Amino acid sequence: MLLGASVVHAHPHNWIVLNSSFVLDDDTRLVQVKQRWEFDAYFSTITLADVINEHGSEEIGLSKAASDIIENLAGFNYFSKLSVDGAETPLVKPVNYALITKKKGGKIILELEMTFDLENALHIQNKSLAWQVYDPTYFIAMNHATENNIEIIGGNGTECAKTLELPEPPNYLLDYAQSLDRSQKDTDDLGADFAETAFINCY
């Protein structure tokens, strides 16, 4: 689905480290969400080799791969779920996106950057914002490493608290997840049961 797909506790096939930024206006309304997905070294190496082999150019190949990923993710709300006090807000196509390379630990890794403008600004002061990013088919583990991977920008000095809540799936789901292999796609939105949730509360 992505160029592929996961999960905490079970055996994911690929890993993505998440960075999320929430941009507020002076009235503490959420107006923009920025994401950065850092892919694991194995996926990065294979994908980079494939796009260069196919297009003969890293720049052209990564641009085409980024467009393909965005197109594939569109039908799945970009693997993202944003809600305020339980009311979900879908994301529209990112206004900016790019697949770039970065050197980390002596290896070249890929990062997908996406910027989403919200169609309607969301008032979040004295409300609970919940944010999940997960692959619904389950085969990619997607997590913020710590709360430091979540950033609040703007808000005219508004104080905001952020916390990460890890999933606690029941044993029968853990057993089911362990039994799956890459060929199985109909997993009944299993990824949601293993999704980390970031909570943001602004006062």
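Helix 1 and helix 2 cross in a right-handed sense in this predicted model. A pair of packed helices is described by two things, the angle between the axes and the distance between them. Here, helix 1 covers residues 41-55 and helix 2 covers residues 58-74, and the two pack at about 110° with their axes 8 Å apart. That angle makes helix 1 roughly perpendicular to helix 2.

As for who touches whom, helix 1 brings Leu48, Val51, Ile52 and His55 to the meeting place. From helix 2 come Glu58, Ile60, Gly61, Leu62, Lys64 and Ala65. Sorted by class, this contact between helix 1 and helix 2 has 6 nonpolar residues, along with 2 polar and 2 charged ones.

Next come the charged pairs. Side chains of opposite charge can pair up when their charged atoms come close. Searching the whole structure turns up 5 salt bridges.

How far can the picture be trusted? The protein has a mean pLDDT of 89, with 90% of its residues at 70 or more. Residues 4-11 are another story: pLDDT stays under 50 there, although the model has 33 contacts beyond four places in sequence for this stretch.

Key. Residues are numbered from 1 along each chain as its sequence is written. This is a predicted model: local features need pLDDT of at least 70, side-chain atom pairs count only at pLDDT 80 or more; totals for chains, interfaces and linings use all residues. Side-chain values use heavy atoms; hydrogens and water are left out. Axes are lines fitted to C-alpha atoms, for helices over the stretch in contact, and angles run from 0 to 180 degrees between N-to-C directions. Helices (H or I, at least four residues) and strands (E, at least two) are DSSP runs, numbered from the N terminus. Angles under 35 degrees count as roughly parallel, over 145 as roughly antiparallel, 65 to 115 as roughly perpendicular and the rest as oblique. A crossing is left-handed if the near helix is turned anticlockwise from the far one by less than a right angle, and right-handed if clockwise. Contact means heavy atoms within 4.5 Å. Ala, Val, Leu, Ile, Met, Phe, Trp, Tyr, Cys and Pro count as nonpolar, Asp, Glu, Lys and Arg as charged, and the others, Gly among them, as polar. pLDDT is the predictor's confidence in each residue, from 0 to 100. A salt bridge is a side-chain nitrogen of Lys or Arg within 4 Å of a carboxyl oxygen of Asp or Glu.
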